[in-house]
Every structure is written in structure tokens, then in C-alpha cells.
Amino acid sequence: RLRDAVKGGRYHAPDALGGLAPAALAHHAEARVGMLLDSDEVVRYAAVETLGKLEAWVLAQHGAALVAMLSHDDEDVRFAAVETLGLLEPEALSQHSGAVVALLDDSWHNVRLEALKTLFRLEPAALAQHAAAVVAKIEDPDQGVRRLAVEVLGKLDVAALKRHEAAVVAK
């Protein structure tokens with residue numbers, strides 16, 4: 001029934017699940033992860049949105065499924081997946097940070113922005129591993145992406161910033 005409701009373009013069933021207490025919602029997490037593989041993009045998007053309402057420790061168990069959605073053809077699904085990954089605790093997020101960095105070259109500026117927001121949640125040491133990719137976004141065609149890249153770089157410690165000083169100054 002849930003699949004039929006969502007395929008009809010109606011998000012009432014996933015919204016109802018999202019209204020459950022986090023502990024109750026956790027019991028439905030695996031079914032939502034299974035929906036990530038559905039052939040209908042609307043169903044996949046609704047699944048990612050519902051997964052985003054889980055507690056971070058439960059969501060961390062499904063990180064690999066969300067990472068798989070980061071390369072999806074539909075930009076809204078990529079956006080929802082990276083937004084949902086951004087809800088992970090920094091340590092759990094760091095396991096998937098390489099996949100998030102790949103979205104910095106996404107064709108849609110909103111996906112690039114959300115990827116930067118997600119990377120901002122990393123601890124400075126984990127973020128430092130991706131500093132070169134963030135520095136490159138200082139020249140992004142979108143002004144919002146450029147601004148956020150500078151903010152993200154501001155989270156780095158002095159030693160990490162010094163390693164990229166020449167590249168930042170050149171841009």
C-alpha cells in the first residue's frame with residue numbers, strides 16, 4: 001500500500017511514518033532502505049526523506065545505501081541523500097566523506113551546496129583530508145557555493161590552512 005500511495009505522487013504514507021517516534025520509525029528503516037532500489041524515482045526520493053527522520057545512530061546503519069543514491073540520475077534524489085547523510089554524527093559521516101566530496105562537482109548547484117554543508121559537519125582533522133577539493137570550489141560558477149566553500153575552509157586548523165595557503169591566495 002505504501003508503494004502505491006507514493007507512486008501516485010502522494011507522500012502521505014512516508015509523512016505518516018516520519019511522524020512516528022524515532023524508536024518506532026527505526027523498525028521501518030530497513031523497508032525504507034529497500035525502497036531506495038525501487039525503479040520509480042518518486043518512491044526512492046520519499047524513502048530518502050523518511051530515512052532522514054531517523055536518529056543518527058540508526059541512520060548510520062544505512063549509510064551505504066544512502067551513498068549509493070549519491071550517484072543517482074535524479075538531482076533531487078542526490079540532494080536528499082547528501083542532506084540525509086549530513087544528519088550523521090561526524091565520526092560516522094567521515095566514513096562516507098569521499099562520496100560526499102564527489103558531489104562537489106555535481107551539475108546542480110544545490111547539490112554542491114548541500115555537499116559543502118555536509119562536509120562542514122566533519123571534525124577539522126577529517127575535513128582537512130578534503131581541503132583541496134573544497135579550495136577548488138572557491139572558483140565555482142555559483143556565488144553561494146563559493147561563499148560556503150570559504151566558510152568550510154574556515155573550520156580548518158591553522159596547519160591545514162597553511163598547507164593550502166598558496167591555492168587559496170591564488171584564487
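Which residues is L51 in contact with, leaving aside its neighbours within four places in sequence? The answer is taken up in point 2, after an overview of the chain.

1. Overall composition. The model under discussion is predicted. Its secondary structure comes to 16 helices and zero strands. Of the 171 residues in the chain, 44% are buried. Among contacts between residues at least 6 apart in sequence, 63% join residues at least 24 apart.

2. The nonpolar core and L51. The largest nonpolar core holds 46 residues, and L51, L116, L119 and V134 touch the most other members. In soluble globular proteins, nonpolar side chains tend to be buried together. With neighbours within four places in sequence left aside, L51 is in contact with A29, R32, V33, L36, L59, L66 and T84. Two members of the group named for the core, L116 and L119, are also listed among the buried residues of helix 11.

3. V33, a partner of L51. V33 belongs to helix 4, which covers residues 29-35. Its relative accessibility is 16%, so V33 counts as buried. Apart from neighbours within four places in sequence, V33 contacts L51, H62 and A65. For the pair V33 and H62, 29 residues apart along the chain, the C-alpha atoms are separated by 7.2 Å.

4. Helix 11: length and surroundings. The twelve residues of helix 11 should span 16 Å at 1.5 Å a residue, and the end C-alpha atoms are 17 Å apart, which agrees. Buried in this helix are V111, R112, L113, E114, A115, L116, T118 and L119. These buried residues pack against helix 8, helix 9 (90-94), helix 10 (97-102), helix 12 (124-128), helix 13 (131-136) and helix 14 (143-153).

5. Helix 8 against helix 11. Two packed helices are described by the angle between their axes and the distance between the axes. The axes of helix 8 (residues 75-85) and helix 11 (residues 109-120) come within 9 Å and cross at roughly 10°. Angles under 35 degrees count as roughly parallel, and helix 8 is therefore roughly parallel to helix 11. Helix 8 contributes E75, R78, F79, V82, E83 and L85 to the contact, while helix 11 contributes N110, V111, E114, A115 and T118. By type, the residues of this contact divide into five nonpolar, two polar and four charged.

6. D76 is found in helix 8 and has a relative accessible area of 36%, so D76 is classed as partly exposed. Its C-alpha atom is separated by 8.2 Å from that of V111, 35 residues apart along the chain. Leaving aside neighbours within four places in sequence, D76 is in contact with Y45 and W108. L103, by comparison, is placed in the loop between helix 10 and helix 11 and is buried, with a relative accessible area of 4%. The C-alpha atoms of L103 and S71, 32 residues apart along the chain, are separated by 8.4 Å.

7. Helix 11 against helix 14. How do these two helices lie? The axes of helix 11 and helix 14 come within 10 Å and cross at roughly 10°. Helix 11 is therefore roughly parallel to helix 14. On the helix 11 side the contact is made by H109, R112, L113, L116, K117 and F120, and on the helix 14 side by G144, V145, L148, A149, E151 and V152. These residues divide into seven nonpolar, two polar and three charged. K117, which lies in helix 11, is partly exposed, with a relative accessible area of 46%. The C-alpha atoms of K117 and V152, 35 residues apart along the chain, are separated by 7.9 Å.

8. H164. Is this loop residue buried or exposed? H164 is found in the loop between helix 15 (158-163) and helix 16 (165-170). Its relative accessibility is 18%, and the limit for buried is under 20%, so H164 counts as buried. With neighbours within four places in sequence left aside, H164 is in contact with A128, A131, A132 and V135.

Note on methods. Residues numbered from 1 in each chain as written. Predicted model: local features only at pLDDT ≥ 70, side-chain atom pairs only at ≥ 80, totals over all residues. Heavy atoms only, no water. Axes fitted to C-alpha atoms, helices over the stretch in contact; angles between N-to-C directions. Helix = DSSP H or I, 4+ residues; strand = E, 2+ residues; numbered from the N terminus. Parallel < 35°, antiparallel > 145°, perpendicular 65-115°, else oblique. Contact = heavy atoms within 4.5 Å. Nonpolar A, V, L, I, M, F, W, Y, C, P; charged D, E, K, R; others polar. Expected span 1.5 Å × (residues − 1). Buried < 20%, exposed > 50% of the residue type's maximum accessible area, 1.4 Å probe, protein only. Core = buried A, V, L, I, M, F, W, Y, C linked by side-chain atoms within 4.5 Å.
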